[in-house]
Amino acid sequence: HNITNHFDSKMSSFQSMNDTFKVESDKCKYTDNEIISDYTYETTVVDGNVVKPVESKMQFKTEKKIGKVGVMLIGLGGNNGCTCVAGSIANKLGMEWETKEGTKKANYWGSLMMASTVKLGNDPQGNSVHTPMNNMLPMVHPNDIVWGGWDISSLNLGEAMKRSKVLDVTLQKQLYPHLEKITPLPSVYFPDFIAANQSERADHVLKGTKQEQMDQVRKDIQDFKKTNDLDKVILLWTANTERFASVEEGVNDTADNVLASIERGESEVSASSVFAVASILEGCTFINGSPQNTFVPGVVELARKHKVFIAGDDFKSGQTKMKSVLVDFLVSAGIKPVSIVSYNHLGNNDGKNLSAPSQFRSKEISKSNVVDDMVASNRILFEEDEHPDHVVVIKYVPYVADSKRAMDEYTSEIFMGGTNTIVMHNTCEDSLLATPLIYDLVILGELCERITVKKEGSDNWEGFHPVLSLLSYMLKAPLVPNGAPVVNALFTQRQGVINVMRACLGLGADNHMTLEHRFESTLAELQEDGSDSHTNKKARHN
C-alpha cells in the first residue's frame with residue numbers, strides 16, 4: 001500500500017492510503033465477482049428500565065462489477081444539470097483555466113464520495129490511516145458516467161451553461177464545443193405544478209395525455225440505455241420545485257390508483273410523479289432532488305412492489321446542511337435553541353420559481369423539519385411537543401444570480417437564565433454546492449444496487465428497502481420507510497454510510513473510542529514504536 005506521512009511526529013499522526021487495499025480476515029472473502037463478509041450487528045434494546053445488548057449475525061455481499069452506468073437528469077438544461085455534465089467533462093479531460101486569482105484545475109471538491117476520506121484504522125504505531133471514501137468499495141466514477149435527460153427548455157447545454165452564469169467564462173469557452181452537441185429531450189410540463197413565470201422557458205415539452213407522455217419517457221429511457229450500451233440507468237430530478245400534490249383516496253394513495261390516475265389524466269398527478277413511475281416501471285433507481293412530495297403513497301407502494309430504489313427529498317447543500325450541524329452541536333452540548341430564523345435571497349431560476357407561494361411552501365416544509373429529530377432526542381431541554389420557533393424566508397433577487405445569500409440567527413437559552421445568540425452569513429454558490437451532491441447520490445445509489453444481506457438462519461439474500469434512506473446525508477427532508485425514524489443529524493448520517501461500507505468488508509463500526517490512546521501502558525508502547533519508526537525514517541532520508 002502507498003502510505004504517506006502528513007505529520008512527522010513521535011506521537012500519533014495522520015496517514016493516507018490511496019491505493020487499493022485488501023482486508024485479511026476470516027470475516028471477509030474475495031471472489032472474482034463478489035466481496036462476501038461476515039458481520040455482527042450490535043444494538044441496544046431498552047425495555048422499560050432494562051437495557052439489553054443485542055447481536056444479529058449476517059452476511060454482506062457486494063458485487064464487484066459496476067458495469068456501464070447512465071444517468072438521466074430531469075432538468076438537464078438547468079443550472080444544476082448543465083453544471084453537472086460540464087463538471088464531469090472538465091474532470092475527465094483534466095481541464096485548467098485562468099481566473100483573476102490564478103490557474104484553477106477541475107476537481108470534485110464538495111463531493112462526499114469523491115473528495116472526502118474516512119478512517120480505515122491505525123498503523124502499528126497508532127497513526128490514523130485515512131482512505132478516500134470511494135476507495136472503500138468498487139464505485140462508479142463520474143468521469144465514466146454517460147449523461148442525458150430531459151428539459152422543458154430547448155437550449156443545448158452549451159447555451160444553457162452560458163445562461164446559468166455559474167462557471168468562469170474561460171472554462172465555459174473550453175467546455176462549449178463539448179456541451180453544444182448535447183440537447184435535452186422534450187420534457188413533461190404540467191403548468192399547474194410550477195410557477196407561472198416558468199412558462200417562458202417551456203418551448204420543449206411533450207404533447208399528448210399523461211399516459212402518452214409517461215410512455216414516451218419510458219421509451220426515452222429504453223432508447224438511452226440501448227444507444228449507449230448501458231448496463232443500468234439512474235434517473236434524478238433536478239428540475240423546478242413543484243407545489244405539493246394533494247394526496248387523495250382513489251387518485252394517488254395506492255400503486256394501482258396512481259397508474260389508473262395517469263391513464264385517465266388526473267390533475268393531481270405531478271410531472272415528477274410521472275417520471276418516478278416511468279423510472280420504477282423501467283427498473284431504474286429514481287432520486288428526487290427537489291422538495292415536493294413526488295413520492296405520494298402510491299408511488300412508494302409501486303417502488304416496493306417492483307423492488308426499485310427511490311430516494312429523496314431535496315438537495316442539502318448550504319444553509320440546511322449548516323443547520324443540521326449547528327443544532328446537533330447545540331442540543332448535544334446541553335444548550336437549548338429556542339429561536340431559529342433563516343433568511344435567503346437568490347437570483348437564479350430556482351429562486352424565480354420559488355417566488356410563487358405554493359412552490360415556496362414545498363421548500364419551507366423541507367427546510368423546517370431538519371431540526372426535529374435532534375430536538376426530540378433531548379427531553380431535558382425540551383418538553384414533549386415543544387419545538388424552537390423556526391422561520392424560513394426566501395426572496396428572489398435577480399442580481400445575485402446563482403450566488404445565494406443565507407443569513408441565520410440562532411437564539412438559545414443557556415446556564416442560569418442566560419441567552420446566547422449566534423448569527424451566521426453564508427454565501428452559497430448554489431449550483432457549485434448542489435452539483436457534487438448529484439454525483440454523490442448517483443454513486444451511492446448505484447453502490448446500493450450491488451449490496452445484499454443474508455441474515456443468520458435465512459437462505460435468502462435481501463437488498464435494502466426500496467426507500468433508500470442511506471442517501472439521507474445529501475437530502476434536506478430524508479424519505480424513510482414507514483416505521484423508521486427520520487435522522488437529520490449530519491454526522492450520524494455520514495457515519496451510517498461509512499459503517500455500512502465497513503460492514504461490507506467485515507470490519508467493525510468505527511466507534512471513536514481510541515482506547516489505544518487512553519492509557520499510560522498503550523501510549524508508552526506506541527511512543528516507543530513511533531520513536532523507532534521516526535529514527536528509521538531520518539536514517540533513510542540521510
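Tutor: H1 and H4 pack at an angle of about 100°, with their axes 10 Å apart. Axes are lines fitted to C-alpha atoms, for helices over the stretch in contact, and angles run from 0 to 180 degrees between N-to-C directions. This is a predicted model: local features need pLDDT of at least 70, side-chain atom pairs count only at pLDDT 80 or more, and totals for chains, interfaces and linings use all residues. Residues are numbered from 1 along each chain as its sequence is written, and side-chain values use heavy atoms, with hydrogens and water left out.

Student: How do H1 and H4 sit relative to each other, then?

Tutor: H1 and H4 are therefore roughly perpendicular to each other. Angles under 35 degrees count as roughly parallel, over 145 as roughly antiparallel, 65 to 115 as roughly perpendicular and the rest as oblique. Helices (H or I, at least four residues) and strands (E, at least two) are DSSP runs, numbered from the N terminus.

Student: Which residues make the contact?

Tutor: From H1, Val85, Ala86, Ile89 and Ala90; from H4, Leu171, Leu175, His178 and Leu179. Contact means heavy atoms within 4.5 Å. By class, the contact of H1 with H4 has seven nonpolar residues, one polar and no charged. Ala, Val, Leu, Ile, Met, Phe, Trp, Tyr, Cys and Pro count as nonpolar, Asp, Glu, Lys and Arg as charged, and the others, Gly among them, as polar.

Student: What about the second largest pocket?

Tutor: About 730 Å³ of space. It has 27 lining residues, with Trp97, Asn107, Leu167, Leu171 and Leu432 nearest its centre. H1 and H4 are among the elements that each supply at least two residues of this lining.

Student: And how many cavities does the search find?

Tutor: Three of 30 Å³ or more. The largest cavity holds about 660 Å³. Its lining has 45 residues; Thr238, Ala239, Asn240, Thr241 and Asp350 lie nearest the centre. The lining of the largest cavity divides into 18 nonpolar, 16 polar and eleven charged residues.

Student: Last topic, strands. How do S4 and S5 pair?

Tutor: In the antiparallel sense, over 14 bridges. Two strands pair if DSSP finds at least two bridges between them. Tyr39 stands opposite Met58 in S5. S4 and S5 form a hairpin with two residues between them, and Gly48 in the turn has a positive phi of about 65°.

Student: And S3 with S4, parallel or antiparallel?

Tutor: Antiparallel, over three bridges. Cys28 has Ser37 of S4 as its bridge partner. The S3 and S4 hairpin has three residues between the strands.

Note on methods: On a 1 Å grid over the protein atoms alone, a cavity is a set of points where a 1.4 Å probe fits but cannot get out, and a pocket is an open set with protein on both sides within 12 Å along at least five of seven lines; lining residues have an atom within 4 Å of a point. Grid points are joined across faces, edges and corners, and a volume is the space filled by probe spheres set on the points.
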